[in-house]
Amino acid sequence: MIVRAQSRFSATSEAAVRGERVVCDARGVAWFPEMRLLAVSDLHLEKGSRHARRGYMLPPYDTAATLARLAAVIADYDPTMVVSLGDSFDDIGGAARMPAIYRDQLLALMKGRDWFWVAGNHDPEKPADLPGATVQELGIGGIVFRHEPSAGRLAGEIAGHLHPGARIVQRGRSVRRRCFAADRNRLIMPAFGSFTGALNVLDRAFSNLFCPDNFVAYMLGTDRVYPMDRRLLRSD
Amino acid sequence: MNRPIDDRALEGATLLPEAFSRWFAMRGWQPRAHQLDLLARAEAGRSVLLIAPTGAGKTLAGFMPSLVDLARRGKRKPGAAAQGVHTLYLSPLKALAVDIERNLTRPVTEMGLPISMETRTGDTPAHKRQRQKQAPPDILLTTPEQLALMLASKDAERFFADLRYVIFDELHALVTSKRGQLLSLGLARLRKFVPDLRTIGLSATVAEPDELRRWLVGQNPPGDMADKITVAGGAKPHITILETAEPLPWAGHSAQYSIPEIYDAIKDHRTTLLFVNTRSQAERVFQELWHVNADTLPIALHHGSLDVGQRRRVEKAMETNSLRAIVATSTLDLGIDWGDVDLVVHVGAPKGASRLAQRIGRSNHRMDEPSRAILVPANRFEVLECQAALDANYLGAQDTPPVGAGGLDVLAQHVMGMACAEPFFADELYAEIVSASPYARLDRETFDRIVDFVATGGYALRTYERFARIRQMKDGRWRVAHPMIAQQYRLNVGTIVEAPMLNIRLVRGKTKSALAGGYSLGKIEEYFLETLTPGDTFIFAGQVVRFAGIRENECYVTPAPGADALVPSYGGGKFPLSTYLAAEVRAMLADPSRWHRLPEQVAEWLTIQKEKSVLPSRDDLLIETFPRGNRFYMVAYPFEGRLAHQTLGMLLTRRLERGGARPLGFVATDYAIAIWGLRDMGALNRSGRLTFGELFDEDMLGDDLDAWLADSWLLKRTFRNCAVIAGLIERRHPGKEKSGRQVTVSADLIYDVLRSHDPDHILLRATRADAATGLLDVRRLGEMLSRVKGRIMHKDLPRISPLAVPVMLEIGKERVAGGAEDELLGEAADSLIDEAMGTQ
């Protein structure tokens, strides 16, 4: 199960979901080499401006920062298909609020690729004035992409929504990182957005989703992905 | 400015209404000279700073002008309009306000004065607050946060229209904090309502009384000061250092060796107050005392993390003199009166001479009897520190921190509050704010940037105009854009940002499914729980408990009597050694003629140090280098306190890295810093490749500091506080945290994005300024570096010196500071691979 990186980018670790190869990238995206498909989850674009509307003036730079990181991974992998796994915008009005300069950047990234907006709980509707297909879920081969993981153990699901993060304690110090949460049948992706936090994979929200014996948290390091066995993980 | 008023003041009869003279006579008392002096000055329209030791009748003196004025005013005629608040009393502690109300009620009742008096704190129910607005009491006792709330309401001007006096209690403690900064801005607003408002500050002795005198009055003209009345201290306290036959520890903070001797002292006195520097120390000492408590004396524990109910019970028992000893942290520092304490024991070094004076003031509240106190140093360096503190107390030297410039985050909160009260003109508000002494030097451009921040966040990218929280009206005034904004302000008011805390509950069950119910022991910092694994034991609320797990915001523990506790390792003290005491300790080291006053073991230690290495003179910096094991060590002795040493350690390791010394880590104590690496730093110095002169050059506070700071967790923690105070992110309200981690916006993430996209943002400026004076103690480090320029004394040694032993013993106990989180991840991940491959 734990195989050291074989891809052309060193900052990855490889997993398999129902036999399909998945490259977990330290930058928080998943690459499916056989399908030339890039999956990214929980971008939460325009989160800053949503808070500003409520009276908390968070910096308006989160969209720019998130798109810049997305542009970098897209440039590296040059995917044919991109799946944004829901909560792409922080709220329904997010796409309409997005300044034109960012819209243009996003359009440039989308150009020439099949782009799927999976509906999320923050953005259940099609994003305003953007191309790409809005879908509830997307099935390709034996794999299903959807925003919220479905209850119970299920074969071949790639989901987001939960913002998985993991914590270890080593030499008396606590280290907390976003992570991919996976067993051989399911992969839950880390949140990609610049202002998005993480929920510990040992939280109740994750219980019953994974087979404990095969569970691995792929913690995102600065330039490496660290696969962590369940025994090493600590709750918050 | 100090007109001779004493002649008049002594003719008390002409000043005091009859009810007062009668009352004093009835109690067999004389009004004290400073009480009459203060009254005379206040009646002449002056504001006054009263500096007096505990037990000098400070409170009554402070209220005397109000009581006299109110007594003269007499009863309200039936049908006459209700008067507004006459006197506002502000204290840093809720409990103090309640305490004062109780103490003041007696003279008021006995004199039969027609005066109404009420408290208003965070605990005051809404209906009572509402009634206070309709029918204000004559005297309102409250806290800085409540004043900010009252000033942000629309009828503030009417409510305070009749205000004559504002009394600030424990002013020395208030002014050095952000609460004091917010309060100074509130006072400026009160002065706008009532230009001839008189203020009275009550304070313990401070190093720079003029700062407090300026704080009390409007700074127009700049430098204007309140009058000052100083009451000389009472009888000199009788302080000794615990004499022990036991070996004195080299390092550590537990002072375990002294427990039997402390217990004997408790037996010899009526009531003993035992002060310690940290909560974990309090827990440890309390536990140890019960181990030796053969006579089962009533001994109690009191610290800020305990459940409120438990604390109140202990306080009650204290008042009724039914305790023989109480182990306490700084929660008991401020001037609340407690029963009949006849001995103060201070475990650990007091860290500052003025803190020592304050704590000893707790015992024997009668000015003319000497207080008795015993200092218990926990290790050898603390012996030196205690002796220095003892000398300082007799010299009356003071080392209170300077008041410092007001924070921009506090200013942002105040500007928002003022907009909530009524629309403002920027010019007028600016003039009002610079009349407060902490903000007297605020330039107009910075003020305008703060207004811009309050309106739209103040970002270079101007995309939030349509969401503005305050907007300019046609006439140029700024007003709140939406009532929701005012509501938010009220929820987030105040400058105290608590470290995230979890409730700690004791349950009997052993399984995780039983994690519910139980009874509350108090609160514990989240960061401490970070490192615990279920099954770990620690001491809390005076008992050994076993960590079971966390559910929601509750930490569950089970009793673990008899188990060995893994005691929380909070390091030494929260307070760094004060500059003054540090200088005293260095002077003592340099002067063998003073060593005869030290315990023999300590004098011997210093004598051997002198033989094996050298002792630095008062203004020199000693650096020792020596090999040990397969590492090379460098130990420096700046005596500037943990915070400054930690910053120094971070900067030195960067420089050593660049210089090729291959440093591996460092530890810092209050007294010294030890750095170890793979290359001989002494040899590098000798060869001139990396001299210590260069290494300790002041220029490290330039680029190196900036580069390190940017990524430091210290700065992130400071940013979080600034962001909450300035209203950028919501305050976490205990018990109302329904949303999980994944939806709360982390201040760290905001910091990272802001730093890379808007490095000149005003809130980052506020953060850097805060960190420099707070957690990093850069100011002190800078002073030290400039002091030791050209005065570095290097000693190359074949082995560790006696003086180096204490700091070397900290290695391994302390977490080694630094980044390297990725290495830890790698280690953890690889450990399993090794296990699986059978290489372990």
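## Contacts and overall make-up of chain B

Among contacts (heavy atoms within 4.5 Å) in chain B between residues at least 6 apart in sequence, 73% join residues at least 24 apart. This is a predicted model, in which local features need pLDDT of at least 70 and side-chain atom pairs count only at pLDDT 80 or more, while totals for chains, interfaces and linings use all residues. Residues are numbered from 1 along each chain as its sequence is written, chains are lettered from A and ligands numbered from 1 in the order in which they are written, and side-chain values use heavy atoms, with hydrogens and water left out.

Chain B has 34 helices and 25 strands; these are DSSP runs numbered from the N terminus, helices being H or I of at least four residues and strands E of at least two. Of its 840 residues, 56% count as buried. Buried means under 20% relative accessible area, exposed over 50%, and partly exposed in between, with a 1.4 Å probe and protein chains only.

## Helix H4

Helix H4 of chain B covers residues 33-43, and nine of its 11 residues are buried, so the helix is largely enclosed by the rest of the structure. The buried residues include the charged Asp37(B) and Arg41(B), along with Leu36(B), Leu38(B) and Leu39(B). Just after H4(B), Gly45(B) takes a positive phi of about 90 degrees.

## The loop around Glu640(B)

Phe639(B) and Glu640(B) both belong to the loop of chain B between S22 and H25. The strand spans 631-636 and the helix 642-658. Glu640(B) counts as buried because its relative accessibility is 6%. Its side chain makes polar contacts with the side chains of Arg780(B), at 2.7 Å, and Arg787(B), at 2.9 Å. A polar contact is a pair of N or O atoms within 3.5 Å; within protein, one must be able to donate a hydrogen and the other to accept it, and residues adjacent in sequence count only if both atoms are side-chain atoms. Residues up to four places away in sequence aside, Glu640(B) also touches Arg586(B), His645(B), Asp670(B) and Met784(B).

Phe639(B) is buried too, with a relative accessible area of 1%. Phe639(B) has a positive phi of about 55 degrees although it is not a glycine. Most residues other than glycine have a negative phi, and most peptide bonds are trans.

## Other backbone features

In chain A, Asp87(A) has a phi near 50 degrees, again positive in a residue other than glycine. Asp87(A) sits in the loop between strand S5 (81-84) and helix H3 (94-97), and is buried at 1% relative accessible area.

In chain B, the peptide bond from Asn220(B) to Pro221(B) is cis, with omega near 5 degrees. Pro221(B) lies in the loop between helix H12 (209-215) and strand S7 (227-230).

## The second largest pocket

Asn220(B) is also among the residues closest to the centre of the second largest pocket, with Arg191(B), Pro195(B), Val217(B) and Gly218(B). The pocket has a volume of about 380 Å³ and is lined by 22 residues. On a 1 Å grid over the protein atoms alone, a pocket is an open set of points with protein on both sides within 12 Å along at least five of seven lines, a cavity is a set where a 1.4 Å probe fits but cannot get out, and lining residues have an atom within 4 Å of a point. Grid points are joined across faces, edges and corners, and a volume is the space filled by probe spheres set on the points.

Domain 1 (6-230) and domain 3 (405-497) of chain B both give residues to this lining, so the pocket lies between them; domain bounds come from an automatic or database domain assignment. By class, the lining has eight nonpolar, six polar and eight charged residues. Ala, Val, Leu, Ile, Met, Phe, Trp, Tyr, Cys and Pro count as nonpolar, Asp, Glu, Lys and Arg as charged, and the others, Gly among them, as polar.

## The second largest cavity

The whole structure holds nine cavities of 30 Å³ or more.

Nine of the lining residues are nonpolar, five polar and one charged.
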